[in-house]
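Me: I am new to this structure and would like to go through it in short questions. Please show it before we start.

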Amino acid sequence: MGMNFSLQTHIFLLILTILLKPGNASIHVYNQESLNEVGNSYLLSGGSEGIFSSSDSRSFVRFDNITFWRPKSAAKSRGLIQVVVFEAADRNNIGGSAYGGQRSICCTSDLSKLQGCKQGEVLRIPSTNDINWPVILKLHFSRNSLSTSMKNHEEVRISKTGMYNLFFIACDPKLKGVVMSGKTVWRNSNGYLPGRMAPLMRFYVFMSLVYFLLAVIWFTQYIRFRKDILQLQHCISVVVGLGLFEMILWYLEYANFNSTGMRPVVLTSWVVTVGAVRKTIARLLVLCVSMGYGVVRPYSWWSYLQALSRTLEQLQVKRSAVKLDIYRKFTNALAAVVFVSVAWIGYELYFKATDPFNERWQSAWIITAFWDVLAFALLCVICYLWAPSQSSQRYAYSEELGEEFDEEEAQSLTREKPDGDISLVETKDKSAGGTHVLDEDDGEAEEDKRE
């Protein structure tokens with residue numbers, strides 16, 4: 001248990017460290033970023049986002065305080081910086097190749113003859129869907145000036161839903177070493193939440209509702225039969241409550257992100273913390289159930305499948321029909337979860353490998369949502385199988401009989417008399433120092449009383 005908890009802690013801290021960094025999703029911040037040499041150009045990727053269009057032109061890419069600095073050696077010339085915004089489907093409309101040679105972003109003398117482009121500028125081929133796209137904004141350095149800035153709050157309106165990319169490009173070799181600062185703001189029709197994440201806000205509303213429904217059903221039974229509650233059911237209650245809390249926090253985090261364009265550090269830290277705690281307890285819950293915690297005596301902490309196999313063996317030896325039926329159903333559910341998980345991992349690999357340019361961004365949210373749905377489904381199975389009731393004690397491990405009885409019962413039920421009757425088991429009453437005899441009928445009677 002110590003090793004598992006330590007591993008969970010390290011993973012949680014790593015995730016928390018990553019998520020608490022300043023958000024760069026719908027607001028991209030540049031701080032003295034350099035344009036790097038790519039082919040015959042100097043280029044800086046300004047980011048890419050899936051954007052949903054709107055008829056009222058509320059979707060846009062806005063440029064705030066974008067400033068470029070060039071080295072002193074280039075101060076005497078009029079340098080040109082081009083800002084290129086294009087849809088992923090039109091990626092081949094930027095740059096070209098002369099006579100089947102290496103593809104160039106900037107227009108060369110050969111491309112100028114073939115394409116009619118202007119040498120020293122980005123080669124742009126109009127899109128078949130809209131001749132105004134890709135969009136190229138030009139920014140010149142004044143002679144003897146080391147810096148130049150874009151018009152503040154300048155916007156590129158988005159009228160078509162798609163995955164959009166932004167590049168800052170310089171074709172002049174003298175502009176080697178150019179750096180830039182500022183930020184770009186990417187907005188969808190319904191807010192600043194990136195297009196790939198926007199459906200998740202509605203998804204967490206749905207998950208909050210289904211967790212709330214599960215919580216109402218579970219805690220109604222929990223309160224109704226509170227006198228017969230098992231320790232395992234206490235653990236289930238914690239997981240249900242934390243699951244509901246986590247889904248609500250995720251919705252609030254996404255809603256705040258959508259309205260401001262930045263991930264709130266405090267709220268994000270809360271949702272990550274609650275999520276890590278919930279997942280840790282949920283995994284311990286599955287492990288405890290697999291080991292038969294409270295049903296048969298646990299032996300050690302081990303893997304789910306080995307622990308579950310040992311639990312089934314013990315229940316078969318003891319001929320506990322009710323408990324055995326429950327654990328067989330749980331085994332089937334866990335096997336289904338494992339199979340679906342492996343299949344989904346394979347699908348994730350295929351999805352990402354066959355979509356290098358994120359053109360299927362509108363369905364990418366399903367990758368994240370699937371794991372929450374699968375965890376909820378398994379939790380529902382556990383809640384159903386171990387629901388609080390007046391007969392909850394039928395699942396309980398009989399501690400009053402002692403560990404010695406647990407071992408002797410397993411041995412006695414496998415030995416039969418010649419006449420077919422089950423042999424009797426003699427146990428010592430430690431408190432009185434006497435002995436008494438139990439047969440199978442007495443054991444069944446005792447279990448019936450607990451039911």
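Predicted model: local features only at pLDDT ≥ 70, side-chain atom pairs only at ≥ 80, totals over all residues.

Me: Which residue of β6 is the bridge partner of Gln82?

Reply: Strand β5 covers residues 80–87 and runs antiparallel to β6, with six bridges joining the two. Gln82 has its bridge partner in β6, and that partner is Lys138.

Me: Which side chains of β6 point to the buried face?

Reply: Strand β6 spans residues 135–140, and its side chains alternate between two faces.

Me: How many disulfides does the structure hold?

Reply: A disulfide needs two cysteine sulfur atoms within 2.5 Å. Cys106 and Cys171 meet this, with S to S at 2.0 Å. Cys107 and Cys117 also form one, with sulfur atoms 1.8 Å apart. The number of disulfides in the structure is two.

Me: How many residues apart are Cys106 and Cys171?

Reply: The disulfide of Cys106 and Cys171 links distant parts of the chain. Cys106 lies in the loop between β5 and α2, and Cys171 in the loop between β9 and β10. Their separation is 65 residues.

Me: Is the link of Cys107 and Cys117 left-handed or right-handed?

Reply: Cys107 lies in the loop between β5 and α2 and Cys117 in the loop between α2 and β6, so the link ties together parts ten residues apart in sequence. The angle about the S-S bond is 70°, and the link of Cys107 and Cys117 is right-handed.

Me: What is the angle about the S-S bond of Cys106 and Cys171?

Reply: The link of Cys106 and Cys171 is left-handed. The angle about its S-S bond is -85°.

Me: Is Cys117 buried or exposed?

Reply: Buried means under 20% relative accessible area. Cys117 has 14% relative accessibility, so Cys117 counts as buried.

Me: What pattern do the disulfides of the chain follow?

Reply: The pairs are Cys106 with Cys171 and Cys107 with Cys117. With bonded cysteines counted along the chain, the pattern is 1-4, 2-3.

Me: Which cysteine has the sulfur closest to that of Cys383?

Reply: Cys383 counts as buried, at 5% relative accessibility. The closest cysteine sulfur to that of Cys383 is 6.3 Å away, too far for a bond. This closest sulfur is in Cys380.

Terms used
Residues numbered from 1 in each chain as written. Heavy atoms only, no water. Buried < 20%, exposed > 50% of the residue type's maximum accessible area, 1.4 Å probe, protein only. Helix = DSSP H or I, 4+ residues; strand = E, 2+ residues; numbered from the N terminus. Pairing = 2+ DSSP bridges.
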